[in-house]
Amino acid sequence: MSDQTQQMPRPRDGVMDIAAYVPGKSGTKGGGKVHKLSSNESPLGPSASAQAAYGACAANLHLYPDGSATDLRDALAQLHGINPANIVCGAGSDELLSLLASGFLQPGDEAIYTEHGFLVYPIVIKASGALPVVVPETNMTADVDAILKAVTPRTRMVFLANPNNPTGTYVRFDEVKRLHAGLPRDCLLVLDAAYAEYVSRNDYESGIELVSQSRNVVMTRTFSKAYGLAGLRLGWAYCPPNVADVLNRIRGPFNVAMPSIAAGVAAVQDTAHLARAVQHNDEWLPRMTAELEAIGLQVTPSVGNFVLVGFAGGEGRSAAEADAFLSARNIVVRRMDAYGLPQCLRISIGDADGCQALIGALRAFMDQGS
Ligand SMILES: Cc1ncc(COP(=O)(O)O)c(C=O)c1O
């Protein structure tokens, strides 16, 4: 007879292979002002009107939210010139990525993501019982030919962060279209455009056009970055009707909180605040890149609100030592070991003080011992 005390519920196959996502550190041990440059949050904070809309919900918290997030979908549809019926909102784009995987993947399926792709993808793929297939990148950038080469009859999904986190690189729209054209029609292409608001390249498109013309492309977006609402957990997906139908069947009936819907609507309407966030990034991203290169660090060209910074390695020159040096000066950045980039740090574009503090500290780090 089996020992009953040893028995316990067993998770589905694959779950215990998942490495839990490790978020950016939120502080340092000492006191004083901390420059948190570890999670690509907006240094401008939330729009004042979003804060007011959030606060105005306080007296109504006993009521369920509108389970369809109608006002938010309408506001987004108006902003982007798309049909609100094809928008599904979620508690962060993370929730939508998870719902897409659980709606479209099952054991035996394969799902592709790229070498330095966002680490939520392997989590949601494995949680669905499917097999993650990791494809090499070229120059820290997703390589369309390599992705297409990895497609097999079992491939059901391709996740492409565009721009990608943590590299900051992007895939041109003509290349995204070539990728889509080469995929089987029953394979869902997920264009994760979390940083789209920051990109002002003529050859970039977030995915709206492709979603509008296809049944196997979905674009995910977030309020966590340029909109400065990471704490609310708010994201949305623009989907063909067949994909929206699946997401609406499996999502929680009230998956987006009332204050999130209200603040989201106000944020969408506060176009001046968004423009200020983008303008700040347009000023500091090239400045940070140039300053760090000038002190001998390698910076991957980024179109996001962060930079991937490469260290030479070796004693006194490693990313781990730089991280400790910054941390001791109340500057928090992101280690990249989990992304297979142990000699890199990912550094968000902070406010002017944060950027200057970071540049000064890294200059001091590079100066020691030289
Ligand atoms: C590429 C990418 N996708 C999705 C997300 C998740 O965003 P959210 O806060 O909407 O869940 C992030 C956040 O870091 C990201 O970098």
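In the predicted model, an oxygen atom of the ligand lies 2.7 Å from an N or O atom in the side chain of Asn-165. A side-chain N or O atom of Thr-222 is placed 2.5 Å from an oxygen atom of the ligand. The backbone also takes part: a polar backbone atom of Asp-94 is found 3.0 Å from a ligand oxygen atom. Of the 400 Å² of accessible area that the ligand has on its own, the protein covers 94%.

Elsewhere in the model, an open sheet is formed by 4 strands in the order E9-E10-E13-E12, and their pairing is antiparallel. Strand E9 (298–300) and strand E12 (334–335) form the edges of the sheet, each pairing on one side only. Strand E10 (residues 306–310) and strand E13 (residues 344–348) run antiparallel and are joined by 5 bridges. Within this pairing, Phe-306 has Ser-348 of E13 as its bridge partner.

How values were computed
Residues are numbered from 1 along each chain as its sequence is written. This is a predicted model: local features need pLDDT of at least 70, side-chain atom pairs count only at pLDDT 80 or more; totals for chains, interfaces and linings use all residues. Side-chain values use heavy atoms; hydrogens and water are left out. A polar contact is a pair of N or O atoms within 3.5 Å; within protein, one must be able to donate a hydrogen and the other to accept it, and residues adjacent in sequence count only if both atoms are side-chain atoms. Accessible areas come from the Shrake-Rupley method with a 1.4 Å probe; for residues, only the protein chains shown count as cover. Two strands pair if DSSP finds at least two bridges between them. Helices (H or I, at least four residues) and strands (E, at least two) are DSSP runs, numbered from the N terminus.
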